[in-house]
Amino acid sequence: MRQLNFRNNHLYVLSSWLKDKYMRIFITGLLLCLVISVSAQKTEDVVYLKNGSILRGKIIEMVPDQYVKIQIAGGSIFVFQNSEIQYISKEAPFKAVKNYETKSCGYFNAASLGFLIGGSSWYYNPVSLTVSVTNGYKWQNKVYAGLTTGFEFLRVVAIPLKIEGRWDVFDSRISPYLKLNAGYLLPLDGKQTEEWDYNYTGGFGITPAVGFRSYFNNNSGFDMNFGYRYEELFSKRYDSYYQTEIERREIFNRVYFSIGFIFK
């Protein structure tokens, strides 16, 4: 029993030492990152004049109670008497905010990964995926129209061939929008084996949705939308017992959610 307690004590001391060691390494690394981050921050000299003007750059000469010589971006050098200066400070470099310039019309592209929740009239699949790419044109009245394709994971994998239209509520960097696409699904897998082999021939699909997009810059942005997806899948199988061909129509009613990117 004493030997067991001795081992347990040593294991406890060892685990505590390891924890303390890793904690020391973690804290040291965190402090090092903070020091590097602070030291990496650049500053510039800023001269505030009594007349309201502000000059940013590098002070190359300063004579107390007489004058200050500052070099601004581009290389120009200015000299100000002490009586003209309100105060001098060191600040982070000034970054001009670029105004967003919307593209009134032209080509656009959108790519997204979506999630479909729900099943069909014949079976239930909690979550399946859809990948889509849309290429089209934008008009000045905030209307987009294009062709959509990709992959639909239904009972079989299908390629959608759809026409898509969308309307932005605002012609600004951030805007909600309305979207509708509709078209045909072309199955890649000709047969799906259950009790019998079904020959799938595709069907109609439509998706009304509402979305939100936010441009990172004048050319690309983040895109997210949510809606409802209705799709049909037709199939045929030959019943050898009755010696007849049986047709089946599956109806998919699913919630649709996707995230992606838009380019213009």
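Student: How many residues sit between S9 and S10 in their hairpin?
Tutor: There are 5 residues between S9 and S10. Keep in mind that this is a predicted model.

Student: And in which sense do S9 and S10 pair?
Tutor: Strand S9 (residues 157-168) pairs with S10 in the antiparallel sense, over 11 bridges.

Student: What is the bridge partner of Trp 167 in S10?
Tutor: Leu 178 is the partner of Trp 167. Both Trp 167 and Leu 178 also belong to a nonpolar surface patch of about 980 Å².

Student: Nice, which strands give two or more residues to that patch?
Tutor: Those are S10 (174-187), S12 (197-215), S13 (220-239) and S14 (244-263). S14 gives the most, with 3 residues.

Student: Switching to charges: how many salt bridges does the structure hold?
Tutor: It holds 13 salt bridges. One of them joins the side chains of Lys 138 and Asp 171, at 3.7 Å from N to O. Lys 138 is in strand S7 and Asp 171 in the loop between S9 and S10, 33 residues apart.

Student: Is Lys 138 buried or exposed?
Tutor: Lys 138 is buried, because its relative accessible area is 5% and the cut-off for buried is under 20%. Asp 171, at 34%, is partly exposed.

Student: What about Lys 90 and Asp 45, how do their side chains meet?
Tutor: They meet in a salt bridge of 2.6 Å, N to O. Lys 90 in strand S5 and Asp 45 in strand S1 are 45 residues apart. Lys 90 counts as exposed at 59% relative accessibility, while Asp 45 counts as buried at 9%.

Student: Which residues are linked in a network of salt bridges?
Tutor: Arg 166, Asp 168, Arg 213 and Asp 223.

How values were computed: Residues are numbered from 1 along each chain as its sequence is written. This is a predicted model: local features need pLDDT of at least 70, side-chain atom pairs count only at pLDDT 80 or more; totals for chains, interfaces and linings use all residues. Side-chain values use heavy atoms; hydrogens and water are left out. Patches are made of residues with over 30% relative accessible area and no salt bridge: like charges are joined within 9 Å, nonpolar side chains (Val, Leu, Ile, Met, Phe, Trp, Tyr) within 5 Å. Accessible areas come from the Shrake-Rupley method with a 1.4 Å probe; for residues, only the protein chains shown count as cover. A salt bridge is a side-chain nitrogen of Lys or Arg within 4 Å of a carboxyl oxygen of Asp or Glu. Helices (H or I, at least four residues) and strands (E, at least two) are DSSP runs, numbered from the N terminus. Two strands pair if DSSP finds at least two bridges between them. Buried means under 20% relative accessible area, exposed over 50%, partly exposed in between (1.4 Å probe, protein chains only).
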